[in-house]
Amino acid sequence: MSPKAADPALRASSDDGPMYELIELFFFAYRDFVGDADRLLEAYGFGRAHHRVLYFVTRRPGLTIAELLEILRITKQSLNRVLRELVAKNFIETRAGALDRRRRQLYATVEGERLALRLAQVQTGRFAGALEALGDDGRQSAAAFLNAMIDPDTRASAPTPRVEAARRTVGARRP
């Protein structure tokens with residue numbers, strides 16, 4: 001097998017050079033996408049790490065610290081600092097696990113859910129504007145593209161919209 005056939009990044013290119021245009025567009029799109037949320041987070045003294053933690057804890061109530069570390073791929077030390085601040089400011093609470101009391105489960109407080117919703121609304125606005133410019137199949141194409149960008153080894157663990165909808169319904173009922 002040739003090196004070009006083995007490497008998906010090389011296979012996807014019509015020539016042998018880097019895809020500078022797409023790389024640059026992706027950098028700028030990401031900068032502006034997270035920048036919208038960054039401005040909102042500043043008022044709370046939070047940064048992007050706080051946003052990511054709050055996002056996943058809100059979307060997956062009862063998430064354990066080990067599961068969150070797996071999702072975020074950060075060190076326990078980095079997570080502990082951010083989590084400590086979110087708990088101290090009453091955006092996240094920890095509870096003993098239902099089956100194993102040593103495994104702490106994470107839940108967003110009402111204040112945490114409110115902030116997570118505001119952040120999601122800001123970012124949804126940016127997505128909506130971009131998708132509108134793409135036309136009828138834009139959302140499906142964008143979702144397929146972003147899904148294809150996820151490492152194949154971890155793609156299976158990325159939730160699908162149907163899984164997320166079911167999780168929200170179940171997660172809405174708190175103990």
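Which residues of H4 are buried? They are His50, His51, Val53, Leu54, Val57 and Arg59. The model described here is predicted. Its chain has ten helices and three strands, and buried residues make up 24% of the 175 residues.

**Overall layout**

- Of the contacts in the chain with a separation of 6 or more, 54% are between residues 24 or more positions apart.

**Helix H4**

- Helix H4 covers residues 48–59, which is twelve residues.
- An α-helix has 3.6 residues a turn, so residues three or four places apart point the same way.
- The buried set in H4 includes His50, Val53, Leu54 and Val57.

**Contact of H4 with H5**

- The axes of H4 and H5 come within 11 Å and cross at roughly 120°.
- That angle makes H4 oblique to H5, because the roughly perpendicular class runs from 65 to 115 degrees.
- The crossing of H4 and H5 is right-handed.
- On the H4 side the contact involves Arg52, Val53, Phe56 and Val57, and on the H5 side Leu68, Ile71 and Leu72.
- By class, this contact of H4 with H5 has six nonpolar residues, no polar residues and one charged residue.
- Val53 and Val57 of H4 take part in this contact and are also among the buried residues of the helix.

**Contact of H5 with H6**

- Helix H5 (residues 65–72) and helix H6 (residues 76–88) have axes that come within 11 Å and cross at roughly 115°.
- H5 and H6 are therefore roughly perpendicular to each other.
- The crossing of H5 and H6 is right-handed.
- Ile65, Leu68 and Leu69 of H5 make the contact with Lys76, Leu79 and Leu83 of H6.
- The residues of this contact of H5 with H6 divide into five nonpolar, no polar and one charged.
- Leu68 of H5 takes part in the contact with H6 and also in the contact with H4.

**Leu106 in strand S3**

- Leu106 lies in strand S3 and has a relative accessible area of 0%, so Leu106 is buried.
- Beyond its neighbours within four places in sequence, Leu106 is in contact with Val57, Pro61, Gly62, Leu63, Thr64, Ile65, Leu68, Leu83, Ile92, Glu93 and Thr94.
- Among these partners of Leu106 are Val57, Leu68 and Leu83; Val57 and Leu68 belong to the contact of H4 with H5, and Leu68 and Leu83 to the contact of H5 with H6.
- Leu106 and Phe56 are 50 residues apart in sequence and 9.7 Å apart in space, C-alpha to C-alpha.

- Thr109 sits in the loop between strand S3 (104–108) and helix H7 (110–134).
- Thr109 is buried, with a relative accessible area of 7%.
- Its contacts, leaving aside neighbours within four places in sequence, are with Asn90, Phe91, Ile92 and Glu93.
- Ile92 and Glu93 are partners of Thr109 and also of Leu106.

**Ala120 in helix H7**

- Ala120 is in helix H7 and counts as partly exposed, at 31% relative accessibility.
- Between Ala120 and Tyr55 the C-alpha to C-alpha distance is 8.5 Å, with 65 residues separating the pair in sequence.

Technical notes: Residues numbered from 1 in each chain as written. Predicted model: local features only at pLDDT ≥ 70, side-chain atom pairs only at ≥ 80, totals over all residues. Heavy atoms only, no water. Axes fitted to C-alpha atoms, helices over the stretch in contact; angles between N-to-C directions. Helix = DSSP H or I, 4+ residues; strand = E, 2+ residues; numbered from the N terminus. Parallel < 35°, antiparallel > 145°, perpendicular 65-115°, else oblique. Left-handed = near helix turned anticlockwise from the far one by under 90°. Contact = heavy atoms within 4.5 Å. Nonpolar A, V, L, I, M, F, W, Y, C, P; charged D, E, K, R; others polar. Buried < 20%, exposed > 50% of the residue type's maximum accessible area, 1.4 Å probe, protein only. Expected span 1.5 Å × (residues − 1).
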